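Trainee: I have the chain open on my screen. Please take me through the terms used to describe it.

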Amino acid sequence: MTATPLSRVMGILGQRLVQALVVALLVAGLCFLMVQSLPGDIAFRIAAGRYGYDYVTAEAANAVRSELGLAGSALARFGDWLWALLQGDLGSSLVTGAPVATDVGHHLGATLTLASASVVLALVVALPLGSLSALRPGEWCDRLTLGLGLSGVLSRVVRESVLTVVQSGYYRFALTKGLSPARVFWRHGLRNTGVSIIAYTSVQLVLLIEGVVVVESLFAWPGIGHALVHAIFWRDIPMVQGTVLVLAVLFVLLNTLTDLLCLAIDPRGPKEF
């Protein structure tokens, strides 16, 4: 029995929801263990983040340790964080005292702006170049592969997708009906190449979000990768957990949107649906 589009959508959403919950718990636990295992006095690092290294004393570190309960059980602190998370609270930064959700939202917006601009620029170059190289294989536009970075790779994906479509039987049949090549391409070519292009673009967007840590650190861009590096350095555990948790859920969300877009373009859907 063939599944209806609605049942496929509900199946995707249910599968991704379970995935998001599992990923969230695993990521939160691993981040907590990682930060706890880092060398150095966590109270001293937090105090340095608050006041600066030049103003940190043993008394200041002990005051931070007492205020935040760092001398108690680490497992108890993790349990408190999980309980707050179930209530929709990511906690507060141990360094600034600001809500983690507010800080993460601010930095995530900067990261998405940077990554989205890169993807849009790549698409602007790759879509026309890849389509043109597929329609005119072997010509000059079919040999710019390595010179345009992400656009070059994406243009090859577009080329192979479009070339597969234009060499198909239904595409050639549409041309024999007397339709202009441009009309056949817009009506039959773009739609049938959309699934592979969207899937590849979503993967590249995920990789860009992961890879902006270096760019943000080098150019002091106020993104989530830059914030994560500082949070790890200052042992700001709630900020580390909140940042990585949001990134993990964001990746699941991007995968979900990709699945839904591909299903909308091709209602038959991939085999795993």
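Mentor: Start with burial. Buried means under 20% relative accessible area, and exposed means over 50%. Keep in mind that this is a predicted model.

Trainee: Why is Ser 161 called buried?

Mentor: Ser 161 has a relative accessible area of 13%. The cut-off for buried is under 20%, so Ser 161 is buried. Ser 161 sits in helix H6, residues 150-166. Beyond four places in sequence, Ser 161 touches Thr 193 and Ser 196.

Trainee: What makes Val 195 partly exposed?

Mentor: Val 195 has a relative accessible area of 28%. Val 195 belongs to helix H8.

Trainee: How much of the protein chain is buried?

Mentor: Buried residues make up 40% of the 273 residues. The chain has 10 helices and 0 strands. Among contacts with a separation of 6 or more, 69% join residues 24 or more positions apart.

Trainee: Now the helix pairs. What describes two packed helices?

Mentor: The angle between their axes and the distance between the axes.

Trainee: Then why are H2 and H3 called roughly perpendicular?

Mentor: Helix H3 spans residues 58-68, and H2 packs on H3 at about 105° with the axes 8 Å apart. Roughly perpendicular covers 65 to 115 degrees, so H2 and H3 are roughly perpendicular to each other.

Trainee: Which residues of H2 and H3 meet?

Mentor: From H2, Ala 43, Phe 44, Ile 46, Ala 47, Arg 50 and Tyr 51. From H3, Ala 60, Ala 61, Val 64, Arg 65, Glu 67 and Leu 68. That contact divides into 9 nonpolar, no polar and 3 charged residues.

Trainee: How do you know how H9 runs relative to H10?

Mentor: The axes of H9 and helix H10, residues 237-265, cross at roughly 150° and come within 9 Å. Angles over 145 count as roughly antiparallel, so H9 is roughly antiparallel to H10. The crossing is left-handed.

Trainee: What is the make-up of the contact of H9 with H10 by class?

Mentor: It has 9 nonpolar, 1 polar and no charged residues. H9 brings Ile 224, Ala 227, Leu 228, Ala 231 and Ile 232. H10 brings Met 239, Val 240, Thr 243, Val 244 and Leu 247.

Trainee: Which residues of H9 are buried?

Mentor: Ile 224, Gly 225, His 226, Ala 227, Leu 228 and Ala 231, within residues 224-233. Just after H9, Arg 235 takes a positive phi of about 60°.

Trainee: What makes a set of residues a nonpolar core?

Mentor: The members are buried nonpolar residues joined through side-chain atoms within 4.5 Å. The largest such core here has 42 residues. Ile 46, Ile 209 and Val 240 touch the most other members. H1, H2, H4, H5, H8, H9 and H10 each give two or more residues to this core. H10 gives the largest share, 10 residues. Another core of 10 residues lies apart from it, with Val 162, Leu 163, Ala 174 and Ile 197 among them.

Trainee: What does Ile 46 contact beyond its sequence neighbours?

Mentor: Val 64, Leu 68, Leu 70, Leu 94, Val 95, Trp 234 and Arg 235, leaving aside residues within four places.

Notes: Residues numbered from 1 in each chain as written. Predicted model: local features only at pLDDT ≥ 70, side-chain atom pairs only at ≥ 80, totals over all residues. Heavy atoms only, no water. Buried < 20%, exposed > 50% of the residue type's maximum accessible area, 1.4 Å probe, protein only. Helix = DSSP H or I, 4+ residues; strand = E, 2+ residues; numbered from the N terminus. Contact = heavy atoms within 4.5 Å. Axes fitted to C-alpha atoms, helices over the stretch in contact; angles between N-to-C directions. Parallel < 35°, antiparallel > 145°, perpendicular 65-115°, else oblique. Left-handed = near helix turned anticlockwise from the far one by under 90°. Nonpolar A, V, L, I, M, F, W, Y, C, P; charged D, E, K, R; others polar.
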